[in-house]
Amino acid sequence: MSPEELLQEAQQKGVSSLAITDINNTSGVLDFFRLAPKYGIKPVAGIEFKNSTEKKFTAIAKNAEGFYELNIFLSQHLHSEEPFPAQAPPFENAFVIYPFGENIFRLKENEFVGIKPAELFKLNFSRWKHNPQKLVALAPVTFRNRIDFNTHRLLRAIDKNILLSKLDPAEQACPDEVMFTPQELKRMYSDYPLLPDNAQKLLEPCMIDFEFGKNKNKKTFTSGARLDYHKLMQLSYEGLAQRYDNPDEHIIDRFEKEIQMICELGYSAYFLISWDIVRYARSKNYFYTGRGSGANSMVAYLLRITDVDPIDLDLYFERFINAQRTSPPDFDMDFSSDERDDVIAYIFRKHTPAHTALLAAYNTFQWDAAVRELGKVFGLPKAEIDSFSDKGNVHNDHISKLILRYGQRIINLPHHLSIHAGGVLISEKPVHHYSATTLPPKNFPLVQFSMLEAEDVGLYKFDILAQRGLGKIRDAVNLISKNRNVEVDIHDIRKFKEDEAVKENLRTANLIGCFYVESPAMRMLLKKLKASTYLDLVAASSIIRPGVAQSGMMREYILRFHDESRRQYIHPMMQELMSETFGVMVYQEDVIKVAHYFAGLSLTEADMLRRGMSGKYRGREEFKKVEKNFFDNCRAKGRDEAVTAEVWRQIESFAGYAFSKGHSASYAVESYQCMYLKTHYPLEFMTAVINNGGGFYATEYYAHEARLCGGNIHAPDINRSLYETTIYGNDIYLGFGFIHELEHKTATSVLDERQQGGYFLSLEDFMKRVEISVEQLRLLIRINAFRFTGRTKQQLLWDIHAIVGSEKKTNTTQELFEAQRKTFLLPKLQHSKTDDAWDEMELLGFPLCSPFDLVAHAPLQQRSGEILVATAVELAKYAKKIVSVTGYFVTRKHTRTKKGEVMAFGTFLDKNGQWIDTVHFPDIIKQFPFRGRGCYFITGKVTEEFGFYTIDVMRMERLEYRQRYEETTCDVV
């Protein structure tokens with residue numbers, strides 16, 4: 001049962017007081033306490049302490065200090081993984097209930113023995129019968145009915161990864177652990193009426209007020225609120241002088257309005273803590289980006305938390321903060337993946353682990369995982385389990401029906417606690433006042449609740465996120481300095497916005513490798529918009545989000561962008577509120593403005609509406625009330641009902657997915673940094689992209705893009721390569737780290753020896769100097785890392801054994817004194833470029849030559865009326881005509897039609913490396929499915945919209961590659 005279902009059950013049974021005591025866990029406590037008043041239940045917090053299946057004791061908190069004691073005790077054992085002792089520690093503010101048995105120690109004043117209804121008969125023969133003042137009625141509640149019990153058994157079997165038939169009864173709760181009415185309990189304990197009374201006496205003094213909604217973040221950054229204010233003002237004025245040459249009256253007014261509200265609402269510490277985090281990052285020369293709704297703030301801009309100027313973009317102040325707001329603004333701070341952990345470690349050092357913790361997330365069962373796990377515990381073979389993924393399959397047998405039935409029951413039940421993507425909590429009181437903590441592998445304490453419970457109780461997270469995009473910007477700047485001897489000021493965003501070459505690349509969507517704008521969908525949108533300015537990109541960053549696209553508003557925005565006559569507004573107020581976006585809701589601010597000014601909701605209600613649309617809060621009473629107020633207010637204002645309904649539809653369709661304008665602007669800043677580097681230093685930029693794990697596409701396509709930009713791409717070289725990919729002039733050498741199955745220690749040994757002893761002179765010299773296994777050496781030879789020797793791979797593979805000798809050895813390092821090796825006259829060893837390509841595909845994941853040159857046979861002849869084209873550029877000549885073209889598969893995206901049928905969008909490259917975009921409707925994708933990587937012969941109708949060309953596929957065939965040793969001319973593309 002969820003906490004709310006438990007409360008519903010208690011209300012139905014007439015129970016007035018209830019303790020939640022999950023096993024070694026406190027995840028449900030906050031939600032239980034938040035919801036309890038709604039059901040007229042007095043909530044009590046507790047924990048059941050167990051070592052595996054062995055229950056040691058249950059403890060319930062008398063007050064907040066008692067809950068704190070319990071959380072500390074539980075956390076210590078969860079961190080150390082030490083078993084719980086038989087006897088509880090001396091809790092000062094908690095009651096302890098031991099399981100019924102022959103306890104060998106003396107009970108303290110706050111300690112009792114719990115007697116379950118099923119144990120009453122045993123009590124007649126126990127010494128505890130004569131000590132009733134130390135006994136309490138203990139009627140645990142785990143289920144509502146038999147179906148719950150069955151579900152529980154299945155979950156236990158899933159947890160133990162065993163067949164249901166092998167589940168030990170000790171691993172499950174008793175089936176009688178259901179809720180009883182007070183009258184039923186009274187009858188059960190009629191022979192021992194003192195026991196229920198004793199239990200009630202334990203619950204009566206227990207009281208915790210979590211003060212939901214009250215801000216519990218750290219209140220001060222310095223030693224006091226007054227000093228915080230002076231510190232914030234000092235830093236803001238320093239930033240004002242740095243950010244604005246001559247701040248005018250408008251800038252000063254905005255600053256004073258913000259700073260006054262920040263201080264009045266008590267958010268000075270929140271801003272100063274955020275400032276301190278980015279200050280630390282700058283002191284370590286870490287790249288970072290500040291985004292989120294906080295990017296709408298001028299103070300955040302002055303403190304260098306963000307690089308977005310709210311004056312320049314006319315960012316809506318009330319999206320960031322308003323007098324009715326009860327929670328601080330949201331800052332997302334992105335750091336490079338390899339630097340984020342150090343930033344988090346600094347936060348824990350600065351604010352101490354007692355007051356700092358990572359935020360958890362709940363991983364829940366979804367359909368595929370549910371049926372897969374249930375299939376396993378019922379002992380079904382894999383093929384039969386896989387058949388459940390296709391909902392069109394009919395399952396009529398008894399076991400299958402059980403899987404389908406219970407699969408529906410466990411959907412959305414918690415599977416395990418995971419770590420939130422970046423949430424860090426910094427609290428005024430120690431975090432153990434709200435939760436126990438676990439200790440994940442990186443040794444940062446983790447609370448046992450999610451961001452929803454955190455916000456409910458008043459703990460607002462700092463988002464410290466990892467992002468590969470920042471790593472590639474940092475590395476590109478360093479490579480440019482090293483390779484070109486040019487220092488790039490990567491923060492000169494104003495210069496990047498005005499750069500004509502950057503504008504042209506934006507207009508043509510030549511942006512592979514660039515943060516957030518390289519995907520096929522974004523490339524399509526930017527081409528259709530013919531985007532050329534920063535504001536165009538800011539809008540596109542939000543329009544591309546799922547809600548805007550699915551509601552039809554993305555297409556409408558594009559139409560209005562190009563055709564002024566379509567810029568019609570369903571209500572005059574829409575023109576006033578959204579003239580910049582032609583009356584189309586693009587940003588989260590648009591939802592807030594419309595809800596506030598059009599529907600007359602308060603700013604708090606408008607923000608609740610925005611948040612509720614995300615789904616996280618949608619089912620809550622507060623959201624339903626706001627929804628009702630929206631329509632009631634519109635009716636009271638005399639709004640046309642059809643207009644009101646259409647406005648609501650637009651809000652409903654995308655509000656949970658759209659970005660705030662400040663957030664979109666922050667993304668656009670990072671995109672511009674990438675675009676500038678890609679435009680002017682493409683080889684260094686692509687090298688950096690490759691070294692940071694790529695982006696939307698696989699590594700192959702970034703290597704391909706570097707080649708198109710004039711780079712020479714080389715396989716790893718024993719004398720030139722590093723572990724990561726490196727660049728010398730226009731020559732890019734892939735790193736040893738890209739060779740599949742090459743061990744890190746092998747690469748390190750090679751690099752260390754080369755650093756100490758200089759370049760390797762031959763294979764024999766290499767084998768003398770580097771300790772390496774034959775298998776690892778073969779990998780290096782197969783990837784042609786010894787090509788400097790002038791010998792073929794086949795000859796070198798033979799040479800290994802000639803050098804090592806006939807004995808079967810694992811290690812190739814030779815003895816200090818060795819006999820002169822014999823030389824043999826070898827037969828001609830077969831070698832082909834195709835063989836090289838297959839080795840590259842196996843060891844790097846892709847060939848370094850053109851994949852089109854590996855095609856074994858020419859594609860089928862096109863039919864009458866079909867036009868054979870060689871490149872994507874030619875498509876513009878054949879709009880509405882049927883063409884055939886050969887493309888190299890890049891990626892695909894599956895989606896569903898309104899009827900629920902699967903269709904797909906495909907992306908390919910032509911032989912010149914230009915993009916081919918395809919649409920695969922449901923009938924076609926069934927008949928001609930994607931069959932993995934390779935070259936495809938595609939036939940379809942060319943369609944065009946706003947200058948963007950796609951092929952609506954009619955037929956598609958994957959072409960076979962030549963096999964090894966089939967000779968072909970393998971030209972580099």
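This is a predicted model: local features need pLDDT of at least 70, side-chain atom pairs count only at pLDDT 80 or more; totals for chains, interfaces and linings use all residues.

Residues are numbered from 1 along each chain as its sequence is written, and side-chain values use heavy atoms, with hydrogens and water left out.

Is Val278 buried or exposed? I noted it as buried, because its relative accessibility is 0%; buried means under 20% relative accessible area, exposed over 50%, partly exposed in between (1.4 Å probe, protein chains only). Leaving aside neighbours within four places in sequence, I listed Tyr288, Leu303, Arg304, Ile305 and Met333 in contact with Val278, contact being heavy atoms within 4.5 Å. I also checked Val278 against Thr789: they are 511 residues apart in sequence, and their C-alpha atoms are 50 Å apart in space.

Next I took the nonpolar cores, which are sets of buried Ala, Val, Leu, Ile, Met, Phe, Trp, Tyr and Cys residues joined through side-chain atoms within 4.5 Å. The largest has 114 residues, and Leu526, Phe766, Leu780 and Phe786 have the most contacts inside it. Helix H31 (residues 661-680) gives the largest share of this core, 9 residues. Apart from this core I found another, of 70 residues, including Ile41 and Tyr434. For Leu526, beyond four places in sequence, I noted contacts that include Leu506, Val517 and Leu537.

I then went to helix H38 (residues 833-843), where 8 of the 11 residues are buried. Among them are Thr834, Asp835, Met841 and Leu843. The buried residues of H38 pack against helix H36 (774-782) and helix H37 (793-804). Just after H38, I read a positive phi of about 100° at Gly845.

Last, I took the whole protein, with 39 helices and 22 strands. Its radius of gyration is 33 Å, close to the 30 Å from the globule rule for 973 residues, so I recorded the protein as being as compact as a globular protein of that length. The radius is taken over C-alpha atoms, and the rule is 2.2 Å times the number of residues to the power 0.38. The C-alpha trace spans about 100 × 80 × 65 Å along its principal axes. Buried residues make up 54% of the 973.

Methods
Helices (H or I, at least four residues) and strands (E, at least two) are DSSP runs, numbered from the N terminus.
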